Amino acid sequence: MKGLYCRAGVAEPKFVIQEMVLPDVLDSHLVRVQVKACGLSPLDLKLLNDVGIQRDLIPVGREVSGVVLQVGAKVSFFQPQDEVVGILPLDSPCSGLCELIDIDEHYLVQKPEKLSPVCVAGALRDGLSAYTALHTHARMAAGHTLLVLDGGSSFGLMCIQLACYHGVKVFTTSHTAEEHTFLEQLRPSVAKVIPVYKDQSELLSVVMEETGGLGVDIVIDSGVRLQEKESDETKLLPHKHDIISVLGVGGHWVTSHKELQLDPPDCRLLHLKSASLTFLNHEVWTASSAQQGRYLHILKDIVEKMSTGVLRPQPEEAVPLYEATVTMETVQRHQKKKAVVQL
């Protein structure tokens, strides 16, 4: 049985197909799953190194959907033929692109029958990130105002749909004319789509005008520009000072920027507003078992909302298994944000 792995000890990560053998006897709490679809996202090699996971070959593909074939002696949540979905932990030895994988039952939830394996494998990671940002960090509630930066991304779209479901007034930004049209046609509709691809400097003035000068309760970014000087990669990202400026009193800023640096004037402005800054890292759910029950509740809620149409991810065109290596190289270089492989 073959799986996709990353050889990380070289200058540039290289993706290779490796043979993998599962044990004949299944451990008591493990579930053997036949994988139907697997989501591909960029590997964060620095994060793996930071948490002490150092291997020559790193398994690739962690968001999986499939069918239970066999269960361990002490497994209580599942039985053979159950359809399941989950995210493999950071230290999993299995590649999600293997035909069969062994995974602890506490990383899986039941998949609703009418939800396709490709859809859920492609959207689960972004759904978890959106849920973590809005519920766990920002404590959103009906009546709040929210600014989602880059609403046309898969993660941004999940944030918008989840917030609208809970009665939050949503503002968002668009990076292209096509994204702008798509976001304006969303139902439930957002309060305002700000076309930052035309003029980045409009962000602050438009948000303050729409909120009567009060600012928003929550800001969720997909990256931040730290310097005034723009590059091609950062020209559509908001400057950190603009984000702090659009926050209202007692507001929450949830950032995906791993190396954010705030200057003393930025900290002073946050202090004056009694605002908070939180770093979004959805990997903490599988990196620690401290809140395992809460994590499973979140996964279950996400797949239920997908099956009922509350969360409607943009469809990902599945690629066949033989294209997985080339596709993953594209994803790792950030030429493509994500992909789904159908097995």
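How many salt bridges does a search of the whole structure find? The search finds 11. The model is predicted. The views below pick out some of these contacts.

**View 1. Lys 258 and Asp 44 meet in a salt bridge.** Their side chains come to 2.8 Å, N to O. Lys 258 sits in the loop between strand 13 (247–255) and helix 7 (264–273). Asp 44 sits in the loop between strand 3 (30–40) and helix 1 (45–50). The pair therefore ties together parts that are 214 residues apart in sequence. Lys 258 is exposed, at 65% relative accessibility. Asp 44 is partly exposed, with a relative accessible area of 25%.

**View 2. Glu 83 forms a salt bridge with Lys 111.** The closest N and O atoms are 3.1 Å apart. Glu 83 belongs to strand 6 (residues 83–87). Lys 111 lies in the loop between strand 8 (108–110) and helix 2 (117–137). The two residues are 28 apart and link distant parts of the chain. Glu 83 is partly exposed, at 28% relative accessibility. Lys 111 is buried, because its relative accessibility is 6% and buried means under 20%.

**View 3. Asp 126 pairs with Lys 338 in a salt bridge.** Here the closest N and O atoms are 2.8 Å apart. Asp 126 is in helix 2. Lys 338 is in the loop between helix 10 (324–332) and strand 16 (339–342). This pair links distant parts of the chain, 212 residues apart. Both Asp 126 and Lys 338 are buried.

**View 4. Arg 62, Glu 63, Arg 125 and Glu 283 form one network.** Salt bridges that share partners join these residues.

Notes:
Residues numbered from 1 in each chain as written. Predicted model: local features only at pLDDT ≥ 70, side-chain atom pairs only at ≥ 80, totals over all residues. Heavy atoms only, no water. Salt bridge = Lys/Arg side-chain N within 4 Å of Asp/Glu carboxyl O. Helix = DSSP H or I, 4+ residues; strand = E, 2+ residues; numbered from the N terminus. Buried < 20%, exposed > 50% of the residue type's maximum accessible area, 1.4 Å probe, protein only.
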